[in-house]
Number of protein chains: 2
Amino acid sequence: MTAHKRPIIFISNDDGYEALGFKRIIECAARYGRVIAVAPEVTQSGKAHAITMYEPLHLDLRRDEENISVYSCSGTPVDCVKIAYDWLLPELGLKPDLNISGINHGSNAAINVLYSGTMGAAIEASFYGAPSVGLSLDDHRADADFDATIEFADRLIPALLGRELKTPLCLNINVPIARPEEIKGHIVCRQTRGFWREEFFCRQDPRGRNYFWLTGGFCNHEPEAQDSDEWALKNKYIAIVPIKVDLTDHSRIDELKELL
Amino acid sequence: MTAHKRPIIFISNDDGYEALGFKRIIECAARYGRVIAVAPEVTQSGKAHAITMYEPLHLDLRRDEENISVYSCSGTPVDCVKIAYDWLLPELGLKPDLNISGINHGSNAAINVLYSGTMGAAIEASFYGAPSVGLSLDDHRADADFDATIEFADRLIPALLGRELKTPLCLNINVPIARPEEIKGHIVCRQTRGFWREEFFCRQDPRGRNYFWLTGGFCNHEPEAQDSDEWALKNKYIAIVPIKVDLTDHSRIDELKELL
């Protein structure tokens, strides 16, 4: 019997390398393979697909065990993936079999996929060949209860490692706030239609200059759509949305040929 | 004969309010309507759809003429759009009829749409109802020749203002480096398939700590595809790609129902 090569699992996030969700998914993934993780030094929520073009980046080894290596990177979530795949992993002679980003503290369902650093990292990692998963829990709290997410990850990770899947593959997975026994199941569904509307409060700083701070709420345009990720979350299902990165609206190409 | 209301045109960018491409499109748009512009204080290239959640924002009036108002915002391109639509424009009692982001110094064709702050702003603006256009020139230089882009904008802006178009509508328009007479026309096309591969150079700072700097090249997976935006640009056509923001890969929902 030949030794079976242990899978390589690459992990990133946007909440930073000290976040609880990140530590939880690392412990989980290490049951199935060798973990290499690169995450931001500090929180990078809302950084979307941003990259750092005009500043240098730093990379620091933070944890080094037989089966788990964790680095921090001074850049964005996408920088973490790029520096891992285009520098660190080749240096280490490793090629991941699976990518995970998260577990995010907060939902990335609906249009949040566009603003999310977690999903920025998940999407970017998918460009390098192996299946990629963004995992988020619908709870922003630092001490959120990740047990239901971990229970699901314990089924998901071996399932993804166990079969040949057409790539690029990227999944946006969101888990409702619930104890594991309250989760009703999972639904493979689509991104909910809707947008954020912000309220900026305007105040004066100690020198009398106005400053603004972003705050707002999500407007769900189809709260009753049972094939949408927001509906799944609201009804205690785990929502799984397959993601693609061709932003072309193919349905409008012919119409727009008449514009000019 | 009743007085015809002048259109309101909202303009943003990611190169900052002092960029040449921004000044050129403002002068052009002011021929067709009242311009309200909000752009970043400094360059925000590569900032994608990033938003600023953990810091306050500043908004400063930089130019105030009868037909042109220009503000700078300390945040990202998407912050500029949000603060305009959710604070400034309501304060001014204005509702834009058209959104333009750019003119960017550098192409946003192919997968660049995902990293681009110009397209981040264009996409975000489209969420507020009026048609939205990201305009980019395939030339990074600060003193790039925008004449061909302006000549095209002089046809595009009245065309977009002159008819009822189904919204949300967002266009990613890229213009090749060429004098106006060298432009062969425009093609409504799709996002080219391909990804960036980065090379990080690693050097030591004066204190002996390693630092990394992102650099890389675009790998076009289909250089001969005549319906792709990269092909159009290479062949001196203006590329027009309609953009949608449902990232769901609908074609894979059924397949993935079998995963778990």
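# Welcome to the sheet, its helices and the core

The model is predicted, so local features need pLDDT of at least 70 and side-chain atom pairs count only at pLDDT 80 or more, while totals for chains, interfaces and linings use all residues. Residues are numbered from 1 along each chain as its sequence is written, chains are lettered from A and ligands numbered from 1 in the order in which they are written, and side-chain values use heavy atoms, without hydrogens or water. Helices (H or I, at least four residues) and strands (E, at least two) are DSSP runs numbered from the N terminus.

**Helix pairs**

- In chain B, helix 2 (residues 77–92) and helix 4 (residues 117–126) pack at about 25°, with axes 7 Å apart; axes are lines fitted to C-alpha atoms, for helices over the stretch in contact, and angles run from 0 to 180 degrees between N-to-C directions.
- Helix 2 and helix 4 of chain B are therefore roughly parallel to each other (under 35 degrees; over 145 is roughly antiparallel, 65 to 115 roughly perpendicular, the rest oblique).
- Pro77(B), Val78(B), Val81(B), Lys82(B) and Tyr85(B) of helix 2 make the contact with Gly117(B), Gly120(B), Ala121(B), Glu124(B) and Ala125(B) of helix 4 (contact means heavy atoms within 4.5 Å).
- In chain A, the axes of helix 2 and helix 4 come within 7 Å and cross at roughly 25°, and that crossing is right-handed.
- On the helix 2 side of the chain A pair, the residues include Pro77(A) and Tyr85(A), and on the helix 4 side they include Gly117(A) and Ala125(A).

**The sheet of chain A**

- Nine strands form an open sheet with mixed pairing, in the order 3-4-2-1-5-6-7-11-8 (two strands pair if DSSP finds at least two bridges between them).
- Its edges are strand 3 (59–64) and strand 8 (185–188), each pairing on one side only.
- From one strand to the next, the twist averages 20°.
- Strand 8 and strand 11 (residues 237–242) of chain A run in the parallel sense over four bridges, with Ile187(A) opposite Ala239(A) in strand 11.
- Helix 2 of chain A packs on the sheet, touching strands 1, 2, 3, 4 and 5, and makes about 140° with the direction of strand 2.
- Helix 4 of chain A also packs on the sheet, touching strands 1, 5, 6 and 7, and makes about 165° with the direction of strand 6.

**The core**

- The largest nonpolar core has 85 residues, and Val38(A) and Val38(B) have the most contacts inside it (such a core is a set of buried Ala, Val, Leu, Ile, Met, Phe, Trp, Tyr and Cys residues joined through side-chain atoms within 4.5 Å).
- Helix 2 of chain A gives the most to this core, with nine residues.
- Leaving aside neighbours within four places in sequence, the residues in contact with Val38(A) include Phe10(A), Leu59(A), Tyr71(A), Ile83(A) and Leu88(A).

- Arg190(A) lies in the loop between strand 8 and strand 9 (194–204) of chain A, and is buried, with a relative accessible area of 11% (buried is under 20%, exposed over 50%, partly exposed in between, with a 1.4 Å probe and protein chains only).
- Not counting residues up to four places away in sequence, Arg190(A) touches residues including Glu222(A), Asp227(A), Thr248(B) and His250(B).
- Gly93(A), in the loop between helix 2 and strand 5 of chain A, counts as exposed at 63% relative accessibility.
- From Gly93(A) to Met119(A) is 26 residues in sequence and 26 Å in space, C-alpha to C-alpha.

Key: Left-handed = near helix turned anticlockwise from the far one by under 90°.
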